[in-house]
Amino acid sequence: MIKDYFNKMKGTSKSPPAVSLSEIGWSWIGAFLGIAAVAYINFNRIEDTDMVMIIGSFGASAVLIYGAIKSPLAQPRNLIGGHVFSAIIGVASYQIFNSHMWLASSVAVATAIAFMHATKTLHPPGGATALIAVIGSEKIHGLGYLYAIVPVGLGAVIMLVVALLVNNITKTRKYPEFWF
Amino acid sequence: MSKRPEKKKNFNGLEISDKDILEAMKDIPGYIDITTGDFKELYRLASRHSLKRITQSIKAGDIMTVEVIAVKRKTPLKEVAKLMAEQGVSGVPVIEEDRKVAGIISENDFLTRMGAGDTKTFMGIVAKCLKGKACVALSIRAKNAEDIMTSPAVSVNEETTLLEITNIFKERKINRVPVVDSKGYLTGIVSREDIVEAPFFKRDILS
């Protein structure tokens, strides 16, 4: 039994093949435009306010919605649902457990994953969104549950719009595979 | 009698290699978010499901032979044998005057009563003959269909699935089943040959 356990760590499968140059190019263009949209609003439009438009987990979302657009994890349901649910869970976890930051962090991420699974909205960057609600700046903490709407919800929607526009330009790409 | 060796492997779907999957992935532009191992597992399970769906969607009514060669209870065995030989069938249903199924006669029913013993094969008879024991069919010469038929016959209805029929063949070790309607009247027969000949299994299914 121990042997079986360690044998599982060997790996038995193969990595998918490398993508074409055009796929690499379109991934770059999508990610550039998607991140540019939220980053421009964040740094050039609302810099002097208490508002935030960009959070780190959007970088992770960009990998999926511009780089692996067929993945179930990259579909609109997962992108929006995963971010918004995880944001709410992250804020709640911070507000309840903020006297023990290690606990607030771990409860936020673990619960976000469980909730995303249960609601079929698994989106890996959601884990980061939940974590940022706990370990983020005072500006983030100050937002309270608004964090789930702006920056998280609105930012995800902006990136989704860019994905819809860019991922459908070429013949070989199409997005989304499904909406809900 | 020695047991026949087990020679069939379990059906696991058509074998597919990592290379096949990688080639197919290259045919699809874009990053495919799945490993070859996961794909293989999906393929194996999906083909099992589709096989089940196919074998359950084909019904006895779709593949049965409608023009059944049948005999009556009182048909003399020499006529039954002649008919089976002429028509090239290895079994016939025995029907009542009103076409209700009374039983079925197969080569096995003849063989057992002709001294083939437990083997119930033609070679069993040859073996007995060569040993010099009585082996002729004379003992049943004067008998009728109803005297040697297997009764009641295992039968199915037109809605019975191909999967169930193949299981019946396997479990009962028989080669044909009469198809009857709700009142027990004969409407057709499904033999092993009907399954092999079923339109679904034609070679051009792949093209």
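Helix H2 (residues 21-45) and helix H8 (residues 149-166) of chain A pack against each other at an angle of about 150°, and their axes sit 9 Å apart. The crossing of H2(A) and H8(A) is right-handed. Keep in mind that this is a predicted model. Here's a tour, starting with that helix pair and ending over in chain B.

**Where H2 meets H8 in chain A**

- On the H2(A) side, the contact is made by Ile29(A), Gly30(A), Leu33(A), Gly34(A), Ala37(A) and Val38(A).
- H8(A) brings Gly155(A), Ile158(A), Met159(A), Val162(A), Ala163(A) and Val166(A) to the contact.
- Sort the residues of this H2(A)-H8(A) contact by class and you get 9 nonpolar, 3 polar and no charged ones.

**Chain A as a whole**

- Out of the 180 residues in chain A, 39% count as buried.
- Take the contacts in chain A with a separation of 6 or more: 72% of them come from residues 24 or more positions apart.

- How far apart are the end C-alpha atoms of helix H4 (residues 76-97) of chain A? They are 31 Å apart, which agrees with the 32 Å that 22 residues should span at 1.5 Å a residue.
- H4(A) is largely enclosed by the rest of the structure, because 16 of its 22 residues are buried.
- Helix H3 (residues 57-67) of chain A has buried residues too, namely Ser57(A), Phe58(A), Ser61(A), Ala62(A), Leu64(A), Ile65(A) and Tyr66(A).
- What do those buried residues of H3(A) pack against? Their partners are H2, H4, helix H6 (125-135) and H8 of chain A.

**Where the two chains touch**

- Chain A puts 15 residues into the contact, and chain B puts in 13 residues.
- On the side of chain A that touches chain B, the residues split into 5 nonpolar, 6 polar and 4 charged.

**Chain B as a whole**

- Chain B contains 9 helices and 5 strands.
- Starting at the N terminus, its elements go α-α-α-β-α-β-β-α-α-α-α-β-β-α.
- Buried residues account for 21% of the 207 residues in chain B.
- For contacts in chain B between residues at least 6 apart in sequence, 57% link residues at least 24 apart.

**A sheet in chain B**

- Chain B has an open sheet of 3 strands in the order E1-E2-E3, with mixed pairing.
- Strand E1 (71-72) and strand E3 (101-106) of chain B are at the edges with a single partner strand each, so one side of each has no neighbour in the sheet.
- Strand E2 (residues 91-95) of chain B pairs with E3(B) in the antiparallel sense, over 5 bridges.
- Which residue in E3(B) stands opposite Val94(B)? That's Gly103(B).
- Helix H4 (residues 77-87) of chain B lies across E1, E2 and E3 of chain B, and runs at about 135° to E2(B).

**One residue to look up: Glu197(B)**

- You'll find Glu197(B) in the segment after helix H9 (192-196) of chain B.
- Glu197(B) has 13 other C-beta atoms within 10 Å, so it counts as partly exposed.
- Along the sequence, Glu197(B) and Ile63(B) are 134 residues apart, yet in space they are 8.2 Å apart, C-alpha to C-alpha.

Conventions. Residues numbered from 1 in each chain as written. Chains lettered and ligands numbered in written order. Predicted model: local features only at pLDDT ≥ 70, side-chain atom pairs only at ≥ 80, totals over all residues. Helix = DSSP H or I, 4+ residues; strand = E, 2+ residues; numbered from the N terminus. Expected span 1.5 Å × (residues − 1). Buried ≥ 20, exposed ≤ 12 C-beta atoms within 10 Å, placed from the backbone. Contact = placed C-beta atoms within 7 Å. Nonpolar A, V, L, I, M, F, W, Y, C, P; charged D, E, K, R; others polar. Axes fitted to C-alpha atoms, helices over the stretch in contact; angles between N-to-C directions. Left-handed = near helix turned anticlockwise from the far one by under 90°. Pairing = 2+ DSSP bridges.
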